[in-house]
Amino acid sequence: RTATMTVDKAYQVAQTDDRLFGSFIEHLGRAVYGGIYQPGHPSADEDGFRRDVLELVRELKIPLIRYPGGNFVSNFFWEDSVGPLENRQPRLDLAWRTLEPNTFGLDEFARWTKKAGADVMMAVNLGTRGIADACNLLEYCNHPSGTKYSDLRRSHGHEEPYHFKLWCLGNEMDGPWQIGRKTMDEYGRISEETAKAMKLIDPTIELVSCGSSFRDMPTFPQWEATTLEHNYDYVDYISLHQYYGNLNQDSSDYLAQSDDMEEFIHTVVSACDFVKAKKRSKKTLHLSFDEWNVWFHSKSEEEDITQNHPWQKAPALLEDQYDFEDALMAGLMMITLLKHADRIKIACLAQLVNVIAPIMTERDGGAWRQTIFYPFYHASRYGRGMVLGTAADAPVHETSTHGEVSDLVSTAVWNQEEETLTVFAVNRNLEEDCRLELDLRSFEKCVPMEKLELAGFGLKEENTASEERVRPQSLTDIRMENGKAETVLKKASWNVLRFH
Ligand code: AHR
């Protein structure tokens, strides 16, 4: 089996926005408590932040982290999470039916992200609260001084405003599970008015309107069209959320789901452009894919805890243990995001620590990398630059619900500054290797540096706290002649082909 692919530096899709490599920390399960924050742990620093976690987060070079939810934000009372610790009181978190102790709040998160080298993507509560609260929170975070909430921040020891630039207008407001769920028109109106008011306080901020919670929501894509008709002039991005899983234990069909993600993106772009045309607007809306990942392994434990054992502090929720095929799926999703860098400017791997996460922690032990860590790591390290359109011709295979799909899913990123070209490629054929012939003749000099590969593992192979079984290896098996490269993409493999 042979696939051919031409990468030409003239076919430029778009320069990647760094925020495409963002992630997400929600007050959920052990993401905060026992994840990024664990005073008394041997690796905790002077703020109680786990150093072992910070190191792994920095390894991923994450530029942006969404906070504090997620579903959590829809009943978030930010005032309870700031100020002297002795005055803070626990609250019921209705989203996950747990106890929020409020010993870590928004000021602590701002401090933690500084240490992690990331910016904050903040969210306002449009579930149980509304315009006034969103304005108060923005005033607390971004206004310099001389007002009730900016001075409250200063009284808490944070003299300088945070200047959070990016704000989500609520979360998944179409979802029946959402506290304070809205109809399309209700959300359209409240998000329009909230956005208008927030931009009066700080015109430099950018706002994300909630799109559908996932592609199969019954109101998709009417939700996008209707809500944007209300708020189009005031918002800058629309959100997309999507999780996949191998629910039917059909791995081939599971990995075909990145084709669904392609369709999802095309439809949202179309809805945005429909509203743009209808409004005769000059503004093109961009996409914020601010929740994406694999999530399905831990669903029954989650249901049991939320339904039968509520009001625990930081129980183990959504702790998917990822296997090798999940890493392939995460890689496929990452490639799909990169291919649409012209419209997708922000994306958040959901989430970052313990909760459907690439990084896990042991309460009395260390932090470790799940299988999905690596495709994200490679993309974040080598996927920044100019995304190039590629002309590929690849063999196909049959799947149970997606029909015939291509073996090869790939993209290429040219980093002009560093003079490197990186081709990301997944062979999602589980039975057969595929020879890849790459035509790189548009690049005058192009020398193979290395091939990073995740391959040869059982599809269900996992990493654990004590053993990192699924990890990439660096190979040199790229042959190059007259501007054409050749290598073998093993069956079920994630490949990063690097040239300079
Ligand atoms: O990331 C976990 C949850 O998934 C988020 O809280 C919610 O926004 C989505 O449904």
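Which elements do the buried residues of α1 pack against? In this predicted model, the buried residues of helix α1 pack against α2 (106–116), β12 (359–361), β13 (367–369) and α11 (373–382). The helix itself spans residues 51–59, and its buried residues are D52, V53, L54, L56 and V57. As a general point, an α-helix has 3.6 residues a turn, so residues three or four places apart point the same way. Just after α1, the backbone at K61 adopts a positive phi of about 50 degrees.

The protein chain as a whole contains eleven helices and 24 strands. Its radius of gyration is 23 Å, close to the 23 Å that the globule rule gives for 500 residues, so the chain is as compact as a globular protein of that length. When taken along the principal axes, the box filled by the C-alpha atoms is roughly 70 × 60 × 45 Å. Of the 500 residues, 61% count as buried, and among the contacts with a separation of 6 or more, 77% are accounted for by residues 24 or more positions apart. The accessible surface of the chain comes to about 19000 Å², and 47% of this surface belongs to carbon and sulfur atoms. With regard to charge, the chain carries 54 positive and 79 negative charges, and the mean positions of these two groups are 4 Å apart.

N427 lies in strand β18, which covers residues 420–427, and N427 is buried, with a relative accessible area of 1%. When its neighbours within four places in sequence are left aside, N427 is in contact with D407, with E432, D433 and C434, and with L489, K490, K491, A492, S493 and N495.

The cysteines were examined next. A disulfide is a covalent bond between the sulfur atoms of two cysteines, and a search of the whole structure finds zero disulfides. For a pair to count, the two sulfur atoms must be within 2.5 Å. The closest cysteine sulfur to that of C135 belongs to C141 and is 12 Å away, which is too far for a bond.

Note on methods
Residues numbered from 1 in each chain as written. Predicted model: local features only at pLDDT ≥ 70, side-chain atom pairs only at ≥ 80, totals over all residues. Heavy atoms only, no water. Helix = DSSP H or I, 4+ residues; strand = E, 2+ residues; numbered from the N terminus. Rg over C-alpha atoms; globule rule 2.2 N^0.38 Å. Buried < 20%, exposed > 50% of the residue type's maximum accessible area, 1.4 Å probe, protein only. Contact = heavy atoms within 4.5 Å. Areas by Shrake-Rupley, 256 points an atom, 1.4 Å probe, with all protein chains shown as cover. Lys, Arg positive; Asp, Glu negative; His and termini not counted. Charge placed at Lys NZ, Arg CZ, Asp CG, Glu CD.
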